Structures are given as structure tokens and as C-alpha cells.
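Have a look at the model below and take your time turning it around. We'll walk through a few of its parts together.

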Amino acid sequence: MVKWKTISPQKGEMPSVFPRSPWLLLAPLLSPAVPQVTSPPCCLCPEGAHRFQWIRNLVPEFGVSSSHVRVLSSPAEFFELMKGQIRVAKRRVVMASLYLGTGPLEQELVDCLEGTLEKSLQAKFPSNLKVSILLDFTRGSRGRKNSRTMLLPLLQRFPEQVRVSLFHTPHLRGLLRLLIPERFNETIGLQHMKVYLFDNSVILSGANLSDSYFTNRQDRYVFLQDCVEIADFFTELVDAVGDVSLQLQGDDTVQVVDGMVHPYKGDRAEYCKAANKRVMDVINSARTRQQMLHAQTFHSNSLLTQEDAAAAGDRRPVPDTWIYPLIQMKPFEIQIDEIVTETLLTEAERGAKIYLTTGYFNLTQAYMDLVLGTRAEYQILLASPEVNGFFGAKGVAGAIPAAYVHIERQFYSEVCSLGQQERVQLQEYWRRGWTFHAKGARAALPEVRGGVLCHLPAAESPGEAVGEDGDSTDQELLLRTDRLLVNPLPLCLHPAAIASLATSLPCPAAAQPQSPTG
């Protein structure tokens, strides 16, 4: 059974300035200028498209039909879909995650990859199947049995078809790298992209390749089926990050790609500059390609009807959903997600409804100011302490859920002190025997037909997304649709669906807004 309860400050608790919690490693710094539209609105584009034209100046825009967008609802569905897609892959399998676990379910996934690779060699006409896996170096190397040892058999048996890249943050180097112990070294910076790609289909998620994410850890997952341009982009993006990462060898050693600066032995500034260029080249070339496609689709003098396009052999349905990949790699001075998220929150007007979902609540001061200073309605779905992934952990990690509760109550006290408890509501997710890892945002915008935006980050929290306390590499997804998706959005993506199951509690007297004076 799933339950939600509304957060309220404890009796007598006064609002206060949020203290930074450095050991939480989940809170950030934000402040780039809000981007401006650099060209006039396009009257030929779909209704409301000009509202987001400025995003197209930053990242590639991919138009797809909502019939190709499928939202998964459970960890088991995610796991079974991945295995099924691996089995039928003919050309490429690309997987980017924080780490690969070491249990029987993870071994089942590796066995599935091995079987598909073996089948590709035994076929009457051997396929050109390539498998590329990108993980984090520190998390993937934790313990004697780890992600690396799980993947070594694939590398040893299929050295020409399998590539395993391990991203190592440039900030963990020198004496710090020698002294900081295992697990704690993961707080310095991580590879945090979550991309699971099979030929021309992609699953974008926040889930790692670990048993709990296949069984009882609720996340969110969007399956983009037969979207070749999107699959090509994410293949190129993972390849780019892989090129600036360490390459795992069959003897469990690692090497740098020829000509690349070493991430922690080489000059840090030189490495970051090279990595920035490698990643931005992918983003900019894809953006140029998609802008040309957009011009051909909506600005050509010989615009084809859907029937004409079908007769000409193009049977793709007319797009009603637009996808913007937002990249955040602060070590390389790439902060696109930060810019877009801040701008969208800044421009939220009266009548807009914004639903935020996070397993780890630790808003930056900038985000708090935006939530409290705009006129949109907010509904924020959080993890209750019992479904926090750190609940019951040993040592200092066991105190993390209580710290998040403290931060939540402080925030809600400030909401109540400003008299905004009707506009800004907090709810908690609880499910017996489960943990909650879903992150995302959904906005209903009255000025746009359909008016649905879904922002699906891989980062654990808004704090981690902008990388103040841990410089991670992340990919996010902004999805704008003019239609309801084929499958209803699950609760972790669509908190509006459960709003009626929880009611707001009155603020305590100590947090009631003060009467104006003078």
C-alpha cells in the first residue's frame, strides 16, 4: 500500500535560515543569467512552441510522436524491458549508470549481454553489435567484488565488441586521492548519467543497475521507442564522456584513451578544457542538425502534409512531443540544466501548477527563493524517512533521513510564516518494504496548449543537480507534450494524480504569518 502524508512544522518550531549540511553533499550554488530568445517566434511552429524557443538555442530539440513515448511504472517492468531489449539488439547496446551491482539479478543482466554477443557471432551473417558501458570509477571499484569484476568476463571474451569506460572526477587527485577512504571518495564527484539504449530505443531514468532498482526501489523511467535521432545523440554523448574516462582492460587495469589528458594525473585545467570541447562538440553538432530539421519541417516552401510524407516513404507520425536533453557537468563548465531549470521556475506564472518529486529534499537557497517568490502553485512529493535509501544505515549515513526531515520542516515553517501554505504544499511518499528514488518535475502551463512539461533528472536532488557539494556528470530530460501520453504518468512523475489522497495540515501558531505593521 502506498501512502502520502503532508509535512507540517513541529509545534513551536520557528522558521529559520536553512543551515548548510556539508556532509549531506546534496545542496548547491546557482546563478547564471537567464537566457533570452535570440530570434523572433515562429508563426509556422506548433502552437506554444515559441514559449520554449530559447531552449532550442542551448540544446538539440527532438520532435517525436507521443505514441513513441512510454512511461514505465515499476522496477520490475524496467528490468524486464531492459532484458528484452538486450536480447533483440542487433547494432548497439549503450548503458550509462553510476554502477552495476554484484547480486544475482545484476549477473542475469550480464548473462543477457553475453548471450546476445554470442548470438551475434554465431549468426549466419554476423552482426556488427557493439556494447558500450559507462560507469563511475570510484563507485564501480568499491569492494573486492564490484562493477569491474562483474564486467571483466565480457571484456575478456569479446574484446573487439565491448567497451567499459570508468569516469574519474578530475577533482579527486594527489594527496586527497591517497588519504580519503573508499565510499567517502565518492562524495568528491561522480558519473551520474542514466542512459539505457538498445539500437534506436532509449530508456532514460534515475535508476542504477542494481537489484533494488529492479525490485522495490521506486524510480521513474521513460522509454523512447524507435527514436533514431535521440538514440544517436545519446550514443554520441556517452561515447564522448567515455573518451574522457579511463578504459577498463581485460586484466582489470585501466588506460587513458590515446591523446587524452589523464583525469587525475594530468593537468586538471587542460583535462577539463579537453573534456568540455569533446562534450560540447556533441551537443552543438546535434543542435545544428535538429535546427536544420526543424527548418525543413516547419519553414520549407514545400511543406508536405502527413499524407504526402507517407506517400513519399516517410511514415513517421507528426510530432506532438518535444524532448530537450539537458546536460550538467560542472567540472567541465557545462551547466545547461542549471540554466534551464532556473529559467523555467523564474517564469512560472499565476495559474501554473508545478509538481516536484525528489527522494532527497535539499533545495538550494536560489531554488527556495524561486519557489517562495513566484506565483505558481507547487506540490512537492518527498520520501518519508522510512523509504529514504539511507534509513537504517550504519554510522553517520543513518542520520541522513532525519536531517532531511529537519530541512523539510524548516522549509515548510518558512512557507507558513509567509502565508503561502495554500500555494506550496508538501507530501511524503511511504510504501511498506520499498524505498523511493524518483526525481522529476511536472508543470501544467495555462498559456500552452496541452501545457505539460516533464523534467526528469538523474541527479538525486536539486542540490546535486547543480553540483555545489559534489561535481557530478548528469543528463536530464525535459519533455514537452501537447497531448496526454499513451500511458498515464505514474505517481512518481505525476503527483497531481495523488493530490486528493492528502490534505494540507494547518500551520502551527508559531509559524502563522505576522500581521503587517506601520
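Here is a short tour, starting with the sheet and ending with a record entry.

This is a predicted model, so to speak of local features a pLDDT of at least 70 is needed, while side-chain atom pairs count only at pLDDT 80 or more and totals for chains, interfaces and linings use all residues. Residues are numbered from 1 along each chain as its sequence is written, and side-chain values use heavy atoms, leaving out hydrogens and water.

Let's begin with the open sheet: nine strands in the order β3-β10-β8-β7-β4-β5-β6-β11-β12, with mixed pairing. Strands here (E, at least two residues) and helices (H or I, at least four) are DSSP runs, numbered from the N terminus, and two strands pair if DSSP finds at least two bridges between them. At the edges sit β3 (69–72) and β12 (254–256), each pairing on one side only.

Inside that order, β5 (residues 130–136) and β6 (residues 162–167) run parallel and are joined by six bridges. Ser132 stands opposite Arg163 in β6.

Now for a pair of helices. The axes of α2 (residues 75–88) and α3 (residues 104–122) come within 9 Å and cross at roughly 15°; axes are lines fitted to C-alpha atoms, for helices over the stretch in contact, with angles from 0 to 180 degrees between N-to-C directions. The two helices are therefore roughly parallel to each other, a label for angles under 35 degrees.

Finally, an unreviewed UniProt entry lists residues 187–213 as "domain: PLD phosphodiesterase"; positions follow the numbering used here, feature names are shortened, and annotations may be inferred rather than shown by experiment. The end C-alpha atoms of residues 187–213 lie 21 Å apart, and the span is 11% helix and 33% strand.

Terms used. Angles under 35 degrees count as roughly parallel, over 145 as roughly antiparallel, 65 to 115 as roughly perpendicular and the rest as oblique.
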